[in-house]
Amino acid sequence: MRVSPILKSWFWAWVSRRAPRAASVRLRHKSIYVLPTAQGWGFLLVIALLWVLGTNYENNLILGATFLLLSLMVVSVVHAFRNLSGLTLSVVRTHPAFAGEFAEFDVLLEAAPGSRHDALRLGWDRLLMIEADVPAGAQRSVALSHKARRRGWLVPERLRIQSVYPLGFFRAWSWVQLDGAALVYPAPRPTDLSPQSRISHDEGTELSRENQEEFQGFRVYQAGSPLAHVAWKHYAREQGMHLKDYSGYQSEQVWLDWDALPGLDQESRLSRLCYWAVAYGKTSAQFGLRLPGQTVAQGGGTAHQRAVLKALAVYGLPEATAQGSGRNG
Amino acid sequence: MADREQVSRAALAWLLAAQVIILLPHSVHAPLWLWAVWLWVVLWRWQIFRGAWGFPSLVLRVGMMAVLGGGLLLSYGVKFDMTAMVGLLLAGFVLKLLELKGRRDLLVTIYLGYFVAATQFLFHLGPLAGLYGSLSLIALTATLVAANQSLLSHRFWPSFRQASILLAQAVPLMLVLFLAVPRTGALWSVPSDERAAMTGISNSMSPGDIGALAQSNALAFRVTFDEGAVPPPEDRYWRGLVFSYFDGRQWRPSRRQEAPELANWDRASTAQWRKLLDPVGSPVSYSVMLEPTGQRWLFALPAPTDWDDALGIGHEMRLLRREPVQQRMAYQVTSHTDYRFQAGGLANWEREQELQLPQDFNPQTRARARQWAQEAGSEQMLINRLLAHYRAHFRYTLRPQTLGRNTVDDFLWQSQEGFCEHFASSFVFFMRAAGIPARVVVGYLGATQNPVEDYWSVRQRDAHAWAEVWLRGRGWVRFDPTAAVAPERVEGGLDSSLSSTDAQMLERGFGANLALVQRLQLRWDAFNYQWHRWVLGYDQDQQSQFLEDWLGGDELWRIALAVMSAGAMLVLGLLLSILWRQRPQYAYPADRQWARVERKLKRAGWTRQPGETPRSLAHRLGRSSPSLGRTLAHIAQLYELVSYADNRSALAELRAEASGFRPPKRSLSGANEYL
């Protein structure tokens with residue numbers, strides 16, 4: 001069906017007005033749409049045939065059954081609507097993803113007081129619809145996937161939620177715009193060229209490079225330090241928790257440097273930096289990130305890696321998109 | 001939607017249950033082996049479910065359908081009518097189970113099931129059939145709900161509950177549609193089902209026919225007399241057929257009597273022969289609800305003087321219908337039980353017809369008739385002598401001796417025992433032999449009142465045959481020779497007129513001797529009557545009357561308006577009940593008042609931010625609008641008093657504040673409230 005673009009944009013503006021973006025959306029009569037399905041039309045055909053049968057044989061019981069089924073269809077409109085009405089949706093958590101993969105959104109479905117919601121199907125993509133039942137007075141969390149095409153903050157468009165329950169004659173659906181954005185990291189691109197800058201190299205070689213695992217001494221344990229470095233013998237002798245300090249760890253201090261990747265465009269550089277950030281994140285190395293006009297200090301651990309990846313994800317993007325979803329709905 | 005293609009276990013279980021429920025009432029016509037086929041198909045389906053067997057191939061399916069079709073052909077015969085078509089549908093409905101792979105197949109099967117379920121009403125029409133039909137619809141709808149349920153839930157009974165609720169909510173609109181949607185009448189003529197054997201009076205009368213009929217307790221028709229003007233028992237002769245032709249054994253209508261073109265279909269016709277009826281005295285009006293007879297004649301008290309439009313009248317003043325009565329039908333008649341008909345004389349052809357006798361039959365009776373006619377001074381004296389002969393020598397019984405070739409001779413002068421047809425037949429034969437025009441009339445005699453409802457039922461056991469004799473100056477006069485032998489027959493019905501051994505042959509309702517059972521039976525019969533009259537008998541006439549009474553006319557726009565508003569009312573009512581059920585629940589009374597305040601704020605453009613307490617909200621809004629801030633601070637204080645100090649008097653004040661709260665519209669310049 002070809003619809004003129006003006007009409008289409010007008011329609012979507014109208015839909016958005018009726019269901020503005022919000023952190024938590026309760027489905028109400030304003031934003032629920034109901035239309036017959038192919039099965040509904042099929043059932044109407046059955047009803048028409050029954051009417052002909054009943055009329056031709058002047059059989060009032062067949063006519064009664066015909067009218068009962070017709071009324072059933074009318075009633076099922078309301079029940080299709082009811083199955084969505086009052087349902088509250090909110091994004092409780094988002095999971096970051098790399099560009100080209102799927103970002104996951106944990107969406108919480110809360111039942112309306114005193115009603116249950118059966119056979120709901122929701123998702124952004126018709127091929128990735130998730131099915132869910134929400135019993136009366138209950139909550140259900142569903143993980144919805146959204147294709148992450150570009151790095152940056154992924155603010156999903158309208159989420160479609162629909163159901164044909166209870167009889168399949170009518171489909172009730174709604175478009176929901178939920179607050180909540182997932183971070184999309186650049187797609188990691190493997191490269192042989194190490195993005196380590198020379199400066200990091202100089203600092204790293206001050207201690208002996210040939211014997212990386214050389215024992216240096218003890219340090220006092222701090223929460224979050226790797227357990228593998230705990231001096232368990234000291235701990236067993238009740239001398240307190242200490243960390244064995246090796247010189248080799250200091251030499252693994254690296255900088256992932258934008259300038260170390262000459263001759264590449266912005267996205268290619270970010271992808272390669274991303275690759276190395278992922279690679280170093282798997283080691284115990286201390287690594288930092290240098291981007292034009294922005295530096296992430298050296299560090300280790302998951303939180304640090306996330307900070308680095310986030311910096312890569314939002315680099316160079318306008319402030320509004322970088323902030324994710326503002327209150328601009 | 002690949003994942004929706006599967007068929008859930010609950011849906012399959014419901015489909016099997018629905019099939020049993022739907023197939024059961026079709027057992028009256030469907031061959032018994034269809035159940036064997038069903039069991040076999042269910043077994044196969046179970047094996048498919050277990051993964052032991054596969055789905056049948058296309059060749060096998062075609063083969064099965066051919067074998068089943070052949071079987072149906074053997075069972076139903078080559079004639080393809082409605083019953084055979086329903087049989088074919090049943091077979092398809094059963095076999096469909098074997099190609100049920102996905103959701104689509106399931107839906108097709110369910111839809112087919114709805115059609116098959118409705119066809120049971122072609123064979124069963126009583127109130128119990130209606131109830132049972134609703135059960136089949138619930139089972140099918142439960143299957144449909146189960147098919148649309150998510151595959152996560154294997155719930156079996158909830159879909160039944162859901163289906164019952166849906167159908168119950170559909171009933172009010174169904175009633176409106178039933179009453180208001182115009183009955184168009186048959187779109188094309190459908191072949192009548194000749195297989196359905198109907199008990200009742202047939203088109204001919206041989207000795208023993210009516211005696212056999214009298215042993216059936218089946219209902220023939222019901223009558224409601226207008227304004228309670230019930231004719232006395234001796235006038236309750238319901239005329240149906242007139243037999244003027246006798247072949248020696250069987251009485252039949254003459255060829256002229258059977259010719260439909262001789263009947264008169266215009267009620268107000270001024271045809272010459274219609275003027276030969278001369279009603280005397282006051283009329284009696286009544287409506288008859290006739291059970292299906294498969295015949296074209298109707299029953300009425302003589303002589304009908306006014307009747308429904310669609311009916312016609314034959315030369316012998318009997319009511320006719322163009323089409324056989326295949327379904328229960330109601331008609332209204334006015335009769336004058338006192339009348340003169342053809343008193344002025346008979347036409348030559350008519351006289352010939354009413355004097356016809358077969359050659360070389362009953363020579364003894366012919367001779368005796370001629371002799372008695374000479375001895376008698378008048379026609380009336382001859383009749384009296386014959387009736388006295390009956391009274392003196394005859395016995396009224398359901399089990400007479402078998403008669404030989406000359407049935408009338410054997411009966412009149414030898415066996416001298418018989419049922420009404422023997423008496424009527426011999427009486428008419430004797431009159432004709434004596435040169436007096438006479439004919440046999442068949443119909444019903446009597447009626448039993450139902451004390452619960454104000455109607456009278458006439459049953460097959462009331463079937464009767466009597467005679468009409470044409471007398472000079474008086475026209476056609478009814479004589480009932482049976483009454484000469486068994487006068488109780490006229491007054492008290494069949495039971496009182498038979499010997500006790502004979503009476504045992506009569507069919508009765510179960511437990512006819514128990515007062516309680518009898519009362520219940522009467523109630524049930526009364527309910528049945530109402531069902532037939534108002535549900536099954538609701539036709540174009542009743543509909544236009546109903547529409548006239550309730551809508552002030554039967555124009556299409558009135559009907560459309562009524563149906564639309566009924567539908568809209570139903571949808572609106574259901575919606576309101578849903579919204580009412582989903583209204584927000586407040587654990588504390590103060591929360592409800594606060595929600596009110598917040599709603600008003602929102603409407604004026606102010607919104608509370610997540611985590612903001614009433615007090616901090618008042619503080620923040622106070623920066624944009626000091627007066628609003630002050631009011632809100634007061635409300636917030638009350639809110640805290642009620643919520644945390646359980647201050648009852650503050651609640652009343654909070655309620656008053658909340659209802660009187662009028663926040664100023666937020667101006668656009670105040671947009672910095674987020675800062």
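1. Ground rules. This is a predicted model, in which local features need pLDDT of at least 70, side-chain atom pairs count only at pLDDT 80 or more, and totals for chains, interfaces and linings use all residues. Residues are numbered from 1 along each chain as its sequence is written, while chains are lettered from A and ligands numbered from 1 in the order in which they are written.

2. Chain B overall. Chain B has 25 helices and 18 strands (DSSP runs numbered from the N terminus: H or I of at least four residues for helices, E of at least two for strands). Of its 675 residues, 33% count as buried; buried is 20 or more other C-beta atoms within 10 Å of a residue's own, exposed is 12 or fewer, and partly exposed lies in between, with C-beta atoms placed from the backbone. Take the contacts in chain B between residues at least 6 apart in sequence: 72% of them join residues at least 24 apart. A contact here is two residues whose C-beta atoms, placed from the backbone, lie within 7 Å.

3. Where the chains meet. Chain A puts 47 residues into the contact and chain B puts in 48. On the chain A side, α2 (38-56), α3 (60-84), β6 (117-123) and β7 (130-134) each supply at least two residues. By type, the chain A side splits into 27 nonpolar, 15 polar and 5 charged (nonpolar is Ala, Val, Leu, Ile, Met, Phe, Trp, Tyr, Cys and Pro; charged is Asp, Glu, Lys and Arg; the others, Gly among them, are polar).

4. The cores. The largest nonpolar core has 131 residues, and those touching the most other members are Ile62(A), Ala65(A), Leu68(A), Val184(A), Ala277(A), Leu312(A) and Leu90(B). A core is a set of buried Ala, Val, Leu, Ile, Met, Phe, Trp, Tyr and Cys residues joined through C-beta atoms within 7 Å. Helix α3(A) gives this core its largest share, 16 residues. Leaving out residues up to four places away in sequence, Leu68(A) touches Leu137(B), Leu167(B), Ala170(B) and Met174(B). Another core, of 81 residues, lies apart from the largest one, and includes Met205(B), Met329(B), Ala330(B) and Phe411(B).

5. The six-stranded sheet in chain B. This open sheet of 6 strands runs β7-β10-β6-β1-β16-β15, with antiparallel pairing; strands pair if DSSP finds at least two bridges between them. β7 (304-307) and β15 (448-450) of chain B are at the edges with a single partner strand each, so one side of each has no neighbour in the sheet. On average, neighbouring strands are turned by 35° against each other, direction ignored. (Axes are lines fitted to C-alpha atoms, for helices over the stretch in contact, and angles run from 0 to 180 degrees between N-to-C directions.) β15(B) is joined to β16 (455-459) of chain B by 3 bridges, and Thr448(B) sits opposite Ser457(B). Helix α19 (515-536) of chain B lies across β1, β6, β10, β15 and β16 of chain B, at about 85° to β15(B).

6. A hairpin in chain B. β17 (463-471) and β18 (475-479) of chain B pair antiparallel over 5 bridges, and Val469(B) has Val477(B) as its bridge partner. There are 3 residues between the strands, and Gly473(B) takes a positive phi near 85°.

7. A mixed sheet in chain A. Here 3 strands form an open sheet, β15-β16-β17, with mixed pairing. β15(A) and β16 (286-291) of chain A are parallel over 5 bridges, with Trp255(A) partnered by Gly288(A). Helix α7 (266-281) of chain A packs on this sheet, touching β15 and β16 of chain A, and makes about 160° with β15(A). Helix α8 (302-314) of chain A lies across β16 and β17 of chain A, at about 160° to β17(A).
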